[in-house]
Amino acid sequence: EVNMKYRIALHKSEEGYSVCVPGLAGCWSQGATEQEALDNIRDAIREYLSVVEEQLQGEEFREIEVTV
């Protein structure tokens with residue numbers, strides 16, 4: 001189990017909160033409250049990464065360091 005940090009964009013509207021992960025294209029969620037939206041995006045990130053991991057099984061992986 002690894003803890004990772006992701007930058008998220010949180011938007012408040014009349015219906016509640018929407019949240020997306022700019023670094024993970026298409027990864028978004030929502031919630032009636034800010035806390036619910038944050039809990040939901042954590043689940044969405046886990047699911048997103050699980051799908052990516054499954055799709056890339058058997059591929060060769062390397063890590064690179066990038067300074068931003």
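1. Terms for exposure. A residue is called buried when its relative accessible area is under 20%, exposed when over 50%, and partly exposed in between, with a 1.4 Å probe and protein chains only. By that scale Asp-43 is partly exposed, with a relative accessible area of 45%.

2. Basis. This is a predicted model, in which local features need pLDDT of at least 70 and side-chain atom pairs count only at pLDDT 80 or more, while totals for chains, interfaces and linings use all residues. Residues are numbered from 1 along each chain as its sequence is written, and side-chain values use heavy atoms, with hydrogens and water left out.

3. Fold. The protein has three strands and one helix, where helices (H or I, at least four residues) and strands (E, at least two) are DSSP runs numbered from the N terminus. Along the sequence the order is β-β-β-α. The radius of gyration is 14 Å, well over the 11 Å given by the globule rule for 68 residues, so the protein is more spread out than a compact globule. That radius is taken over C-alpha atoms, and the rule is 2.2 Å times the number of residues to the power 0.38. Along the principal axes, the C-alpha atoms fill a box of roughly 45 × 30 × 20 Å.

4. Surface and contacts. Of the 68 residues, 19% are buried. The accessible surface comes to about 6300 Å², and 48% of that surface belongs to carbon and sulfur atoms; the areas come from the Shrake-Rupley method with a 1.4 Å probe, and for residues only the protein chains shown count as cover. Contact means heavy atoms within 4.5 Å. Among contacts between residues at least 6 apart in sequence, 12% join residues at least 24 apart.

5. Ser-29. This residue lies in strand 3, residues 28-31. Ser-29 is buried, at 13% relative accessible area. Leaving aside residues up to four places away in sequence, Ser-29 touches Tyr-17, Ser-18, Val-19, Asn-40, Ile-41 and Ala-44.

6. Asp-39 is partly exposed at 36%, and Arg-42 is partly exposed at 42%. Asp-43 and Arg-46 also meet in a salt bridge, at 2.9 Å from N to O. Asp-43 and Arg-46 are likewise in helix 1, three residues apart. Arg-46 counts as exposed, at 54% relative accessibility.

7. Glu-60 and Arg-62. These two residues form a salt bridge, with the closest N and O atoms 3.0 Å apart. Glu-60 is exposed, with a relative accessible area of 62%, and Arg-62 counts as exposed at 70%.

8. Gly-26. The loop between strand 2 (16-20) and strand 3 contains Gly-26. Gly-26 is exposed, with a relative accessible area of 69%. From C-alpha to C-alpha, Gly-26 and Tyr-48 are 9.0 Å apart in space, and they are 22 residues apart in sequence.

How values were computed: Salt bridge = Lys/Arg side-chain N within 4 Å of Asp/Glu carboxyl O.
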